[in-house]
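Take a look at the fold before reading on.

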Amino acid sequence: VTGMLTMGGMSDLASATCGGVGDEVAYEFALAAPKFLRATTTGGGSAIDTVLYLRSDCMMSATELACNDDDGTSMGSTIERLLEPGVYYIIVDAKNGMVGGQFQLNVELLGGDGSACMDSTECGPGLACRPPVGGGAMICRDPVCGDGADDDADGKIDYPNDPGCGSPTDGGGLTTAGLPIRPARGPVDRPRGGCARAGRARPRT
């Protein structure tokens with residue numbers, strides 16, 4: 001999703017933790033199942049200093065769930081959060097009133113605990129795609145060496161008790177490193193006036 005922030009534009013919002021007192025754009029999205037969110041304004045499509053934050057109520061700073069001002073590699077920002085079903089708002093804010101220009105917001109939603117899956121690449125960090133205890137359809141869940149169950153029926157549960165486990169994440173667990181980042185899918189309307197006209201983002205749910 002590509003957007004524009006206006007230099008000297010009105011600031012309706014600011015992160016209570018990370019700041020951001022310039023022009024901002026808010027994007028609304030809804031989740032029907034638990035998901036791991038990674039949103040970023042890093043990359044070649046962003047040329048300005050952004051602040052990125054996530055809320056469950058667009059206008060209320062007390063509902064802020066995550067924020068970031070510069071991710072350490074650029075002036076772009078990155079937030080990560082495991083989310084339950086519900087409605088959320090990603091807000092791209094200018095660092096201050098002297099910042100303006102184009103930004104690129106990339107959003108990735110991966111399966112949370114219990115979400116249906118076909119492969120572990122569809123699951124969030126620390127989760128593997130495998131059948132639940134007792135069998136059934138594949139879901140995202142803790143890897144076999146950290147799920148609290150005796151998956152191989154040898155009388156030993158998880159790392160370090162099970163000699164077949166080299167770590168609690170053995171069995172297909174992921175880390176945040178190298179997660180694929182894709183633009184949000186579906187239409188996103190460029191809003192003006194912060195939350196009053198939040199664009200409706202429909203990333204993969």
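This is a predicted model: local features need pLDDT of at least 70, side-chain atom pairs count only at pLDDT 80 or more; totals for chains, interfaces and linings use all residues.

Residues are numbered from 1 along each chain as its sequence is written, and side-chain values use heavy atoms, without hydrogens or water.

Start with the largest nonpolar core, which has 23 residues. A nonpolar core is a set of buried Ala, Val, Leu, Ile, Met, Phe, Trp, Tyr and Cys residues joined through side-chain atoms within 4.5 Å. Buried means under 20% relative accessible area, exposed over 50%, partly exposed in between (1.4 Å probe, protein chains only). Phe29, Leu37 and Ile90 are among the members that touch the most others. Strands E3 (35-40) and E7 (86-94) are among the elements giving two or more residues to this core; strands are DSSP E runs of at least two residues, numbered from the N terminus. A second, separate core of eight residues includes Leu13 and Tyr89.

Now the sulfurs. Four disulfides are counted, each a pair of cysteine sulfur atoms within 2.5 Å. Cys18 pairs with Cys67 at 2.1 Å, S to S. That link is right-handed, with 65° about the S-S bond. Cys18 sits in the loop between E1 and E2, and Cys67 in strand E5 (residues 64-69), 49 residues apart. Cys18 counts as buried because its relative accessibility is 17%. Cys67, at 21%, counts as partly exposed.

Cys145 and Cys165 form another disulfide. Its torsion is about -85°, so it is left-handed.

Methods:
Helices (H or I, at least four residues) and strands (E, at least two) are DSSP runs, numbered from the N terminus.
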